[in-house]
Amino acid sequence: LMNQGVLDAPFTYIPSTTNVGSCFKFEPEEGIIAAGGSQTVQISFSATVLGSFDEEFQFSVAGSPVPATLTIKGSVTTPSLEFDVDEINFGEISFGFPYTQRCRLTNSSPVPLTFQLRMSDDGTQPAVDSLDQIRKEGDPSWRKGIHFYLEPKEFTMNPSQGTILPQGHQDIEVTLCSNTVMDFYRRMLVDLEGFGKGVAALVITARCLVPELQVSSPVLLYDECHLNVPYERKFLIANDTDLPGCYGLIPQQRKDDSPVFYSSPKPCGIVQPHSFAEIPVIIEVQTLDKHCTKVL
């Protein structure tokens, strides 16, 4: 605002009564401009309606029958954000193994957009990765299964949030580590700061299976053994499927009258598709006689 007169000019903003006009704020709304001086006014706009606008804003000046008028024109549009694919299909995946696929989120809007990603119907307790599971050879989950106090969080997105510049893009890695044997149909939702939740979505599908592993020989013969002397034999676990498998030798629950003690220096591991894994088993015979012990 400029005072081109020879007297000081007190001014006051006249509030707008239109829907669009109420979205504007002026700072300061009143004051006194010295003769020949000026006042910088900061204009803030927070859009609540879509479309083009052409608004007049008025400032009354003490002693002047005509207000100072400012016209503001513009257009409010929805953000334009889209994925480069319609769907991410992981296909068949193996229980407890992480799988990663990529997509791209593009901002074709004329303004930067701050986003946050979330997965529909995902849990909160981190899922168990097979690589972590095989490091826990004595964990009760080998015998009783993995127990979750809350629903497992099976999806992770990297990055899960950020800001995309106008006409820019962000590459996103989506990782699924399933702890649930099921068919997945989820939606990855995009929330935009200042615009709303779920403004864009991408469908995620997958089918989680547990590959069937086979023991190559059901009987492991140790022949004649001396009492309390360790003997080692090896057997194979075969994986004839297209998926990796995770195995664990269940620790023996030894008792005073157990005729044979058994253990393994490599009780847990992973069998890749269409391959074998070798498991050594060490026994120590505790009593005389012929014995048959089941190893699970």
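Met119 stands opposite Met188 in strand β16, a strand being a DSSP run of E with at least two residues, numbered from the N terminus. The model is predicted, so local features need pLDDT of at least 70 and side-chain atom pairs count only at pLDDT 80 or more, while totals for chains, interfaces and linings use all residues. Residues are numbered from 1 along each chain as its sequence is written, and side-chain values use heavy atoms, with hydrogens and water left out.

**Strands and sheet**
- The chain holds 2 helices and 23 strands; helices are DSSP runs of H or I with at least four residues.
- Strands β10 (residues 113–119) and β16 (residues 183–192) pair in the antiparallel sense over 5 bridges; two strands pair if DSSP finds at least two bridges between them.
- Five strands form an open sheet with mixed pairing, in the order β8-β17-β16-β10-β14.
- At its edges lie β8 (87–94) and β14 (161–164), each of which pairs on one side only.
- Strands of a sheet pair through backbone hydrogen bonds, either parallel or antiparallel.

**Overall dimensions**
- The C-alpha trace spans about 120 × 35 × 25 Å along its principal axes.
- The radius of gyration, taken over C-alpha atoms, is 35 Å, whereas a compact globule of 296 residues would have one near 19 Å by the rule of 2.2 Å times the number of residues to the power 0.38.

**Burial**
- Of the 296 residues in the chain, 33% are buried, meaning under 20% relative accessible area with a 1.4 Å probe, counting protein chains only.

Notes
Buried means under 20% relative accessible area, exposed over 50%, partly exposed in between (1.4 Å probe, protein chains only).
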